Amino acid sequence: MFDRTLKLIDQNLLKKIGLQKVLLVGIGGVGSFVLESLIRSGFLDITLIDSDSIEKSNLNRQIISTKTNLGKLKIEEAKKRGLSINPQVQIKTFPIFLEKDNFNLIIDQQYDYIIDACDTITTKILLIEYALKNNIKIISCMGTANRLDPRKLEITRLDKTQNDPLAKSVRHLLKKRNLSLKIPVIWSQEIPIKNKELGSMIMVPATAGILITYYLINEIKKATTT
């Protein structure tokens with residue numbers, strides 16, 4: 001299935017990609033596209049954490065959501081879709097809400113990359129703190145709601161973000177814990193549209209998810225060539 005892929009990258013890099021152990025937390029608008037692009041790019045060992053079920057409001061932007069699977073666990077539908085693309089992928093699933101009380105029961109030190117695509121700030125802090133203390137590479141997604149322009153997305157360091165309420169809160173909490181703000185994040189330079197409730201369309205979260213996979217591949221490529 002990777003004939004076209006091997007016209008852009010060599011067999012050695014594809015093999016390295018397949019050897020990486022990836023933890024993905026959150027399979028919503030961003031996370032569902034992360035998973036899709038990870039699998040289609042050759043990643044073969046993925047652990048998923050998400051406790052939500054598919055709702056009608058997910059249909060406009062989450063690639064795993066259809067009218068036929070409303071009410072079903074996102075994590076199980078994500079695994080089913082992933083295996084339908086590549087049955088060789090090892091997908092471990094934890095249908096839980098990740099928090100302080102269960103964190104150490106689920107998370108171990110065997111991951112090469114942690115992808116934070118969740119919405120809960122406290123969970124983001126737990127993941128970032130764990131990654132920093134255990135020297136695990138992490139990329140964290142900041143706010144994608146209330147934005148329309150995918151061209152404004154970029155990967156940078158958390159300490160370089162601005163005009164993002166979620167990033168501001170994460171920075172504040174990390175500072176209180178004396179933790180580094182120099183972690184990679186994906187964020188949007190677009191000033192959020194003011195709404196009483198969060199709104200979202202497919203363009204920004206989908207692009208954010210694909211950019212996260214690009215970031216992982218580029219990091220693996222750099223490590224392979226050095």
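# Why is it called that?

Reader: Why is helix H2 called mostly covered?

Author: Count its residues: 9 of the 10 in H2 are buried. They are Gly 31, Ser 32, Phe 33, Val 34, Leu 35, Glu 36, Ser 37, Leu 38 and Ile 39. Buried means under 20% relative accessible area (over 50% is exposed, in between is partly exposed; 1.4 Å probe, protein chains only).

Mind that this is a predicted model, where local features need pLDDT of at least 70 and side-chain atom pairs pLDDT 80 or more, while totals for chains, interfaces and linings use all residues. Residues are numbered from 1 along each chain as its sequence is written, and side-chain values use heavy atoms, leaving out hydrogens and water.

Reader: What covers the buried residues of H2?

Author: The cover includes strands S1 (21–25), S2, S3 (90–94) and S4 (113–116), plus helices H3 and H7. Those labels are DSSP runs numbered from the N terminus: helices (H or I) have at least four residues, strands (E) at least two. Just after H2, by the way, Gly 42 has a positive phi of about 110 degrees.

Reader: How do you know whether H2 and H3 are roughly parallel or oblique?

Author: Look at the angle, which is about 20 degrees, with the axes 10 Å apart. Axes are lines fitted to C-alpha atoms, for helices over the stretch in contact, and angles between N-to-C directions run from 0 to 180 degrees. Under 35 degrees counts as roughly parallel, over 145 as roughly antiparallel, 65 to 115 as roughly perpendicular and the rest as oblique. So H2 is roughly parallel to H3.

Reader: Which residues make that contact, and how do they divide by class?

Author: H2 brings Leu 35, Glu 36, Ile 39 and Arg 40, and H3 brings Ala 78, Arg 81, Gly 82 and Ile 85. That gives 4 nonpolar, 1 polar and 3 charged residues. Here Ala, Val, Leu, Ile, Met, Phe, Trp, Tyr, Cys and Pro are nonpolar, Asp, Glu, Lys and Arg are charged, and the others, Gly among them, are polar.

Reader: Why is Leu 216 called buried?

Author: Leu 216, in helix H7, has 0% relative accessibility, which is under 20%, so it is buried. Contact means heavy atoms within 4.5 Å. Beyond four places in sequence, Leu 216 touches Val 22, Leu 38, Phe 43, Tyr 113, Ile 115 and Ile 139. Leu 216 and Ile 139 are 77 residues apart along the chain, yet their C-alpha atoms are separated by 8.7 Å.

Reader: How do you know that Asn 69 makes a polar contact with Glu 77?

Author: Their side chains come to 3.2 Å. A polar contact is a pair of N or O atoms within 3.5 Å (within protein, one must be able to donate a hydrogen and the other to accept it, and residues adjacent in sequence count only if both atoms are side-chain atoms). Asn 69 sits in the loop between strand S2 (45–49) and helix H3 (74–85). With a relative accessible area of 5%, Asn 69 is buried too.
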